[in-house]
Amino acid sequence: MTQTTSTPRGTIIAITSGKGGVGKTSVVINLAASLARLGHRVGVIDADFGLGNVDVQLGLAPEFHLGHVLSGEKTVADVTVAGPFGISIIPAGSGIRALTQLGPEQWTRLEAIVREISAGLDYLLLDTAAGISDNVVQLLSLAERVVVVTNYEPAAVVDAYAVIKIVSATTPAKELGIVVNAAHDGDEASQVFRQLDVAASRFLNRRLRYLGYVVHDTAVRESILDQRPVVSHVPQAAASRCFRVLASRLSGLTPGGAGLKAVPMPVTVARVPYVAQESSRCA
């Protein structure tokens with residue numbers, strides 16, 4: 001009997017948030033950089049159509065963007081630009097209203113693009129827009145994993161729950177991970193997660209996965225102004241250590257959408273001495 005095998009491809013992770021301003025794109029950029037430093041092939045699609053800023057935060061000036069691929073004017077290779085540590089960046093347009101409401105043919109094309117890009121990577125991160133628009137919800141359905149970024153502000157927690165509720169209604173089997181950004185300490189982050197997890201368990205009959213937190217750190221703002229990931233701008237900053245722990249945790253989860261099950265850490269992680277000692281403080 002011959003055994004059929006599927007074409008290997010990278011894990012697609014959608015990183016989203018309910019409320020804008022919680023630092024989602026910073027999380028995307030720094031997770032991507034940290035995963036790349038662990039030896040993984042990483043790509044980022046700026047999926048905040050019409051208001052993309054991944055390229056801005058990295059100091060890049062791409063000539064073309066994803067909209068050119070969706071229209072058939074350019075190929076994926078034409079619009080891909082190199083980011084730090086060899087990350088492949090597929091930029092979005094900025095101020096292009098037509099990209100905020102994609103038609104059926106564009107969505108079919110976008111799904112094919114996502115699959116095409118992920119085939120050559122270990123991880124493909126989708127940086128979605130904030131909120132629960134149709135664009136965001138459809139993008140989340142393309143990913144094996146969804147990571148919701150929030151912070152301790154009540155409005156951010158409420159809006160994060162709104163995203164969780166929508167995902168649970170549209171794709172109930174989808175695994176949902178939570179990252180608390182700009183937390184003052186682990187207790188604050190844990191409290192935010194417990195609020196979300198208790199509400200999800202009680203009202204949605206599901207549990208969430210706590211991926212960890214990123215500590216509040218002025219080095220993050222400095223790195224944004226310098227248009228560099230904090231993990232390269234200030235490698236020993238507290239936030240940088242948190243991002244490295246989060247990356248090692250993500251890379252230690254089984255690929256695909258069957259479930260977030262812990263597996264032994266890759267050899268590359270074991271060679272990074274700070275991962276174990278910082279994990280209790282950062283994640």
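**Exercise 1. Classify Val245: buried or exposed?**

Solution. Val245 has a relative accessible area of 2%, so Val245 is buried. The cut-offs are under 20% for buried, over 50% for exposed, and partly exposed in between, with a 1.4 Å probe and protein chains only. Helices are DSSP runs of H or I with at least four residues, strands are E runs of at least two, and both are numbered from the N terminus. Finally, look across the chain. Leu31 is 214 residues away in sequence, yet its C-alpha atom is 9.5 Å from that of Val245.

The model is predicted: local features need pLDDT of at least 70, side-chain atom pairs count only at pLDDT 80 or more, and totals for chains, interfaces and linings use all residues. Residues are numbered from 1 along each chain as its sequence is written, and side-chain values use heavy atoms, with hydrogens and water left out.

**Exercise 2. Describe the chain as a whole: how many helices and strands are in it?**

Solution. Count the elements: the protein chain has 13 helices and eight strands. Then check burial: 53% of its 283 residues count as buried. Now take contacts, meaning heavy atoms within 4.5 Å. Among those between residues at least 6 apart in sequence, 76% join residues at least 24 apart.

**Exercise 3. Find the residues that touch the most other members of the largest nonpolar core.**

Solution. Start with the rule. A nonpolar core is a set of buried Ala, Val, Leu, Ile, Met, Phe, Trp, Tyr and Cys residues joined through side-chain atoms within 4.5 Å. The largest one holds 85 residues, and Leu31, Ile45, Leu66, Leu110, Leu196 and Phe243 touch the most other members. Helix 1 supplies the largest share of this core, eight residues. Now follow Phe243. Beyond its neighbours within four places in sequence, Phe243 contacts Ser26, Val27, Asn30, Leu31, Ser34, Val214, Val230 and Val231.

**Exercise 4. Describe the largest pocket: which residues lie nearest its centre?**

Solution. Work on a 1 Å grid over the protein atoms alone. A pocket is an open set of points with protein on both sides within 12 Å along at least five of seven lines; a cavity is a set where a 1.4 Å probe fits but cannot get out; lining residues have an atom within 4 Å of a point. A volume is the space filled by probe spheres set on the points, which are joined across faces, edges and corners.

- Volume: the largest pocket has about 640 Å³.
- Lining: 29 residues, with Gly21, Val22, Gly23, Asn181 and Ile224 nearest the centre.
- Elements giving two or more residues: helix 1 (24-37), strand 7 (175-183), strand 8 (209-215) and helix 9 (218-225).
- Top contributor: helix 9, with five residues.

**Exercise 5. Name the residues that line the largest cavity.**

Solution. The count gives one cavity of 30 Å³ or more. The largest cavity has a volume of about 50 Å³. Its lining is Ser26, Ile29, Asn30, Gln57, Ser223, Ile224, Arg228, Pro229 and Val230. Helix 1 and helix 9 each give two or more of the lining residues. Helix 1 has the largest share, with three.

**Exercise 6. Compare Ala182 with Asn205: where does each lie?**

Solution. Most residues other than glycine have a negative phi. Ala182 has a positive phi of about 55 degrees, and Asn205 also has a positive phi of about 55 degrees. Ala182 is in strand 7, whereas Asn205 lies in the loop between helix 8 (186-204) and strand 8. Ala182 has 22% relative accessibility, so Ala182 counts as partly exposed. Asn205 reaches 72%, so Asn205 counts as exposed.
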